[in-house]
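Before the discussion begins, please examine the sequence and the model. The request that follows asks for a close look at a single part.

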Amino acid sequence: MTRQYSIEPADPQEFTGRFDRFYSRFASVYDALVKLGPIWKSWLAHALPHVQGPRVLEVSCGTGYLLTQYAGRVQASAVDLNEKMVEITTKNLRRAGLTADVQRADVEALPYADETFDTVVNTMSFSGYPNGRAALQEMSRVLKPGGRLVLIDVGYPDDENKLGTLLTELWRRSGDLIRDMETLLHEAGFDYRKKAIGGFGSMHLYLAIKH
């Protein structure tokens, strides 16, 4: 099966609005599924060893499950575009007895100064952004030189096995944008390592270091 990378949407606002409405409707269900789903949690766990402070930003934090796993050991900040996600993240942090600066914000306009963070975390979200280059450029902007981007998302398996390729195609056909992440990371000025972490090689961890 030939790899078919997605084309960036012609109407970014409509694309983002569709995702935002979906997550507003199902935010509580999403929160429960992440907490109870062993496969999803096992994917997210691969990010934890690479989260280094003192200052860490999680972009598109969802309902904050991963954030609660590391917020107690770093100075944590988090953003999500969806207002309901931010609300649930704040509640989950409070229940866990943890604190973080959580705000509603767009990945293309992060409310932080240049070179603020030692680590930026982005999991299971990049395929939902309408402009991949702009998103990476903005995450790079707020990273310190030598800082790390820890990114987990779906993509075609390197060995082109049928099951992993089929899973990637299902994500693409459901509306997610499947991109050539290695090219994008290189263009954004990152050195990176890539590792398959599940989904028959369709789920990838990128550990990217800013030049």
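Q: Does Ser60 count as buried or exposed? Please continue from there to a close account of helix H4, with some of the other elements for context.

A: The model is predicted: local features need pLDDT of at least 70 and side-chain atom pairs pLDDT 80 or more, while totals for chains, interfaces and linings use all residues. Residues are numbered from 1 along each chain as its sequence is written, and side-chain values use heavy atoms, with hydrogens and water left out.

Ser60 counts as buried, since its relative accessibility is 15% (buried is under 20%, exposed over 50% and partly exposed in between, with a 1.4 Å probe and protein chains only). Ser60 sits in the loop between S1 and H3. Its phi is near 65°, a positive value in a residue other than glycine.

Helix H4 runs over residues 83–96 and has 14 residues (helices, at least four residues, and strands, at least two, are DSSP runs numbered from the N terminus). From its first C-alpha to its last, H4 reaches 20 Å, close to the 20 Å expected (1.5 Å times one less than the number of residues).

The buried residues of H4 are Met85, Val86, Ile88, Thr89, Asn92 and Leu93. They lie on the same side of H4 because they cover an arc of only 165° around its axis (taken from the directions from the axis to the C-beta atoms). The face turned away from the buried side of H4 carries the exposed residues Glu83, Arg94 and Arg95.

H1 and H4 pack at an angle of about 35°, and their axes are 9 Å apart (axes are fitted to C-alpha atoms over the stretch in contact, with angles from 0 to 180 degrees between N-to-C directions). Seven names stand on the H1 side of this meeting: Tyr23, Ser24, Ala27, Ser28, Tyr30, Asp31 and Lys35. On the H4 side they meet Lys84, Met85, Ile88, Asn92 and Arg95 (contact means heavy atoms within 4.5 Å). Met85, Ile88 and Asn92 also belong to the buried set of H4.

Asn82 caps the N-terminal end: a side-chain oxygen lies 3.0 Å from the backbone nitrogen of Lys84. Just after H4, Gly97 takes a positive phi of about 70°.

Of its 11 residues, 8 are buried, so H5 is largely enclosed by the rest of the structure. Those buried in H5 include Gly132, Leu136, Met139 and Val142. Among the elements covering them are S1, strand S4 (117–123) and helix H7 (181–187).

Two loop residues complete the account. Pro54, in the loop between helix H2 (38–45) and strand S1 (55–59), is joined to Gly53 by a cis peptide bond with omega of about 15°. Glu160, in the loop between strand S5 (143–154) and helix H6 (162–173), has a positive phi near 60°. Glu160 is exposed, with a relative accessible area of 54%.

Terms used: A polar contact is a pair of N or O atoms within 3.5 Å; within protein, one must be able to donate a hydrogen and the other to accept it, and residues adjacent in sequence count only if both atoms are side-chain atoms.
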